Amino acid sequence: MKIDLNISDKLFGILPDGREAHIFTLSNKNGVQISITNFGGIIQSILLPDRKNAWVDIVAGYDTLEEYVADEAYFGATVGRFANRIANSSFKLNDERIKLAKNAKNHHLHGGKEGFNKKLWSAKPIVTENDCRLELSYTSPDGEENYPGNLVVLAIFSLNNLNEFSIQYFAKTDKETHINLTNHSYFNLNGSGNIAQTGVAIFAKKYTETDDELIPTGKLKTVEATALDFRKEKPIGQDIAETGVGYDHNYVLNKRGKEISFAAKASSPNSRRSIEVYTSQPGMQFYTGNFLKGIKGKNGRLYKNHDAFCFETQHYPDSPNRPEFPSTLLKPGELYEETTIYRFLY
């Protein structure tokens with residue numbers, strides 16, 4: 001049997017406490033190469049070949065481990081225990097008020113002061129006839145960032161020869177807790193430059209309305225006749241001025257239950273590259289890098305506002321405080337399971 005899928009393992013760097021972080025590169029027969037480090041479950045690069053036999057990296061990030069340790073933009077990171085915001089950094093669970101760390105004004109964002117993006121995960125690379133995959137596991141102890149329960153998490157990153165890159169999350173707990181995992185990759189299908197001309201379609205009729213601090217009001221608003229309407233593909237820059245600083249909105253995806261369905265796509269008219277996103281998650285945060293402000297990244301590149309976009313598949317923000325939203329509560333004996341698939345076309 002000819003194996004045309006591969007995964008390599010290299011030392012990425014040494015953490016301040018002396019532990020080693022590794023970087024794993026998944027590759028397929030078409031030349032797609034995806035590098036992931038077990039520090040933070042971070043996607044460090046996604047290389048796609050073009051028609052001139054050159055490879056273009058379509059995600060923002062850094063060259064070194066030290067830069068990821070200091071990163072505050074969540075470049076490529078696995079985000080948890082809870083992606084997005086929890087209002088006033090607290091929620092009520094079984095008549096107890098759980099108070100979380102405040103790291104976004106008065107609110108809790110992306111797991112707190114030291115979320116999953118700053119943890120060293122255990123890694124297991126696997127190559128099969130159908131895909132190459134990296135299994136990352138981490139046990140979040142009871143009380144970490146003040147979340148209840150020992151939470152055992154497994155994240156599986158896999159690449160096949162259809163250019164499908166999937167991320168599967170699984171988790172179990174020994175106490176009732178809330179969980180909401182996502183990946184925070186910043187995409188630029190041209191590899192660099194402003195994303196204004198990138199076409200985007202999001203298959204959602206509604207979004208979760210938020211206040212000035214991006215906390216949901218509880219209302220699901222229609223996208224019709226607003227700048228947020230991406231039901232038909234349009235350039236990101238077409239209506240972005242109407243949003244103020246840019247897009248940073250959770251879309252209520254058109255789907256029923258837990259089936260994996262077509263959520264969004266993005267395409268570059270210049271490179272003819274595109275991404276299709278399929279997910280089991282009920283929502284997706286569309287973010288246009290509104291606060292990059294010249295962050296220095298790979299090869300000395302300065303990432304400016306609107307130089308990249310995120311498709312963060314997720315449950316809705318502040319779900320622990322919004323019983324009308326799809327539940328993020330995980331109980332002992334239950335299995336948390338979510339899947340997102342990125343299909344690359346070029």
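1. Strands are DSSP runs of E with at least two residues, numbered from the N terminus. The model is predicted, so local features need pLDDT of at least 70 and side-chain atom pairs count only at pLDDT 80 or more, while totals for chains, interfaces and linings use all residues. Residues are numbered from 1 along each chain as its sequence is written, and side-chain values use heavy atoms, with hydrogens and water left out.

2. On a 1 Å grid over the protein atoms alone, a pocket is an open set of points with protein on both sides within 12 Å along at least five of seven lines, and a cavity is a set where a 1.4 Å probe fits but cannot get out; lining residues have an atom within 4 Å of a point. Grid points are joined across faces, edges and corners, and a volume is the space filled by probe spheres set on the points.

3. The second largest pocket has a volume of about 280 Å³. Its lining has 16 residues, with T210, L214, T243, D248 and H249 closest to the centre. Strand 18 (204-210) and strand 21 (248-253) each supply at least two lining residues; the largest share, four residues, is from strand 18.

4. The second largest cavity, of about 40 Å³, has T210, L214, D248 and H249 among its lining residues. Here strand 21 gives the most, three residues.

5. The largest pocket holds about 680 Å³ of space. Its lining has 27 residues, and E72, Y74, R85, L109 and H110 lie nearest its centre.
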